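This report walks through the core, the sheets and the ring contacts of one model. Please keep the structure open while reading.

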Amino acid sequence: MINLKRNTLKANALFYTVLCTGLIFTSPISIVHACDFHDQPSFGGFRSIGGFAQSHPLMKQHIAQANSPQLTLTHDRKLNASLAKPDSVDITYHLPVDFNDASLRFTHSDGVELETQGQVVIDQLNGTFTLNYVANKPGKHHILVWADATKQTLPYSKVQRIELDVN
């Protein structure tokens, strides 16, 4: 009989401890604001509607970086080429105004020769550069297109790959 009372007391004590702890953590006294931006409407799980993500300065910083215009290169990603026959690929570029000192350079795998050696300076915001090449070996090869520039005094590079299937 004494063991039954002790077990009941222990169970009741555990129940009331859990209940009181839950009440303490859910009471208005325990709510603390980390900064002024955390009490915006739609804070927390409702970010997609607005609130914290659009109002907090640190979040605005990341949103602004993601939305800044980027240097773009457009070209065919995969090409079929004939062995020992001159061919070309057009590379269209767009250079936003906050980029300076832009240039293109090219590297290639063995079995491909490029007509262009060194860097090609980009002096317009939009344009197309025609890259001439000759494939000397059958099989799979590649050309890497490198765009180098400075973006607001910081170095910037972008690399894209063109796959060549040589028959």
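## The nonpolar core

The largest nonpolar core has 28 residues. Such a core is a set of buried Ala, Val, Leu, Ile, Met, Phe, Trp, Tyr and Cys residues joined through side-chain atoms within 4.5 Å. Phe106 and Tyr133 have the most contacts inside it. At least two residues of this core come from each of E2, strand E3 (86–94), E4, strand E5 (112–114), E7, E8 and E9. Strands (E, at least two residues) and helices (H or I, at least four) are DSSP runs, numbered from the N terminus.

The model is predicted: local features need pLDDT of at least 70, side-chain atom pairs count only at pLDDT 80 or more, and totals for chains, interfaces and linings use all residues. Residues are numbered from 1 along each chain as its sequence is written, and side-chain values use heavy atoms, with hydrogens and water left out.

Which residues does Tyr133 touch, not counting residues up to four places away in sequence? Contact means heavy atoms within 4.5 Å. Tyr133 touches Leu79, Ala81, Lys85, Pro86, Asp87, Ser88, Val89, Val112, Glu113, Leu114, Ile143 and Leu164.

## The five-strand sheet

An open sheet of 5 strands runs in the order E2-E9-E8-E4-E6. Its pairing is mixed. Two strands pair if DSSP finds at least two bridges between them. Strand E2 (78–81) and strand E6 (120–121) stand at the edges. Each has a single partner strand, so one side of each is left without a neighbour in the sheet.

Strand E4 (residues 99–108) and strand E8 (residues 139–151) are antiparallel and share 8 bridges. Within this pairing, Arg105 has Trp146 in E8 as its bridge partner. His108 stands opposite Ile143 in E8.

E8 also pairs with strand E9 (residues 154–166), again in the antiparallel sense, over 13 bridges. Here Asp148 stands opposite Ser157 in E9. E8 and E9 form a hairpin with 2 residues between them.

## The four-strand sheet

An open sheet of 4 strands has the order E1-E3-E7-E5. The pairing is antiparallel. Strand E1 (72–74) and E5 are its edges, each with a single partner strand, so one side of each is left without a neighbour in the sheet. Neighbouring strands of this sheet are turned by 35 degrees against each other on average, direction ignored. Axes for such angles are lines fitted to C-alpha atoms, for helices over the stretch in contact; angles run from 0 to 180 degrees between N-to-C directions.

E5 and E7 run antiparallel and are joined by 3 bridges. Leu114 stands opposite Tyr133 in E7. Leu114 is also one of the residues that Tyr133 touches.

## Aromatic pairs and a charge over a ring

How many aromatic pairs does the structure hold? It holds 3. Rings of Phe, Tyr and Trp (its six-membered ring) pair if their centres lie within 6.5 Å; planes under 30 degrees apart count as stacked, over 60 as edge-to-face and the rest as tilted. Phe99 and Tyr156 form an edge-to-face pair, 4.9 Å centre to centre, with 80 degrees between the planes. Phe99 lies in strand E4 and Tyr156 in strand E9, so the pair ties together parts that are 57 residues apart in sequence. Phe99 is buried at 4% relative accessible area, and Tyr156 is buried at 17%. Buried means under 20% relative accessible area, exposed over 50%, partly exposed in between (1.4 Å probe, protein chains only).

The rings of Phe106 and Phe129 have centres 5.7 Å apart and planes at 15 degrees, so this pair is stacked. Phe106 lies in strand E4 and Phe129 in strand E7 (residues 126–135), so the pair ties together parts 23 residues apart in sequence. Phe106 is buried at 11% relative accessibility. Phe129 is buried at 18%.

Arg105 lies over the face of Trp146, at 4.3 Å from the ring centre. A charge sits over a ring if NZ of Lys or CZ of Arg is within 6 Å of the ring centre and within 35 degrees of the ring normal. Arg105 and Trp146 are also bridge partners.

## Positive phi in the loops

Ala84 is not a glycine, yet has a positive phi of about 60 degrees. Ala84 sits in the loop between E2 and E3. Ala84 is exposed, with a relative accessible area of 56%.

The hairpin turn holds Gln152, with a positive phi of about 50 degrees. Thr153, in the loop between E8 and E9, has a positive phi near 70 degrees. Thr153 counts as exposed at 74% relative accessibility.
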